Amino acid sequence: MQILIDADACPKVIKDILFRAADRRQILTTLVANKLLHCPPSPFIRALQVPSGFDVADNKIVEMTQVGDLVITADIPLAAQVIAKGGHVLNPRGEFYTKDTIQERLTMRNFMENLRGSGVETGGPPVFNQRDQQTFANQLDKFLAKTKI
């Protein structure tokens with residue numbers, strides 16, 4: 001199993017949690033982004049820069065995903081593709097997307113996108129906070145304990 005991070009929009013504090021988990025559990029962890037990213041020196045952590053462009057990083061993550069891998073992203077369409085390939089998806093707020101929940105999430109995302117496209121002000125997600133960080137860390141720990149790495 002490997003961990004792939006949709007790193008362009010992932011909060012730094014979440015990356016730091018993932019870096020510690022990668023070293024502690026000795027799990028290959030790859031940050032994928034279209035910009036150069038800093039990652040700590042570790043044989044288990046690497047950064048992969050892809051060219052700029054629409055969904056280039058997402059497509060690379062899908063290409064790299066294998067059954068059982070964990071992908072960290074808040075991108076719903078990317079999550080759906082990863083789940084279709086047999087991967088697991090955890091968003092930075094600590095919510096797992098699953099086969100049972102991803103279609104509902106896609107439908108809501110598309111609905112909100114249509115509203116925004118028609119000029120309706122929908123607002124954005126709530127501010128990322130300490131509770132989100134703790135929820136993410138707890139869910140990651142549970143997942144890694146369950147996978148017996």
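**Salt bridges and a helix pair**

At 60% relative accessibility, K12 counts as exposed (over 50% relative accessible area is exposed, under 20% is buried, and in between is partly exposed, with a 1.4 Å probe and protein chains only). The model is predicted, so local features need pLDDT of at least 70 and side-chain atom pairs count only at pLDDT 80 or more, while totals for chains, interfaces and linings use all residues. Residues are numbered from 1 along each chain as its sequence is written, and side-chain values use heavy atoms, with hydrogens and water left out.

D16 is partly exposed, at 25% relative accessibility.

The structure holds 4 salt bridges in total. Another of them joins the side chains of K60 and E63, at 3.1 Å from N to O. Both residues lie in helix α2 (residues 56-64), 3 residues apart, about one turn of the helix. K60 is partly exposed at 26% relative accessibility, whereas E63 is exposed at 55%.

A further salt bridge joins D132 and R93, at 2.6 Å from N to O. This pair links distant parts of the chain, 39 residues apart: D132 belongs to helix α5 (residues 130-147), and R93 to the loop between β5 (88-90) and β6 (96-97). D132 is buried, with 13% relative accessibility, and R93 is partly exposed, with 27%.

Helix α5 also meets helix α1. Their axes come within 10 Å and cross at roughly 25° (axes are lines fitted to C-alpha atoms over the stretch in contact, and angles run from 0 to 180 degrees between N-to-C directions). The two helices α1 and α5 are therefore roughly parallel (under 35 degrees). On the α1 side, the contact (heavy atoms within 4.5 Å) is made by V13, I14, I17, L18, A21, R24 and R25, and on the α5 side by Q133, F136, A137, L140, D141, L144 and A145. These residues divide into 10 nonpolar, 1 polar and 3 charged (Ala, Val, Leu, Ile, Met, Phe, Trp, Tyr, Cys and Pro are nonpolar, Asp, Glu, Lys and Arg charged, and the others polar).

Conventions: Helices (H or I, at least four residues) and strands (E, at least two) are DSSP runs, numbered from the N terminus. Angles under 35 degrees count as roughly parallel, over 145 as roughly antiparallel, 65 to 115 as roughly perpendicular and the rest as oblique.
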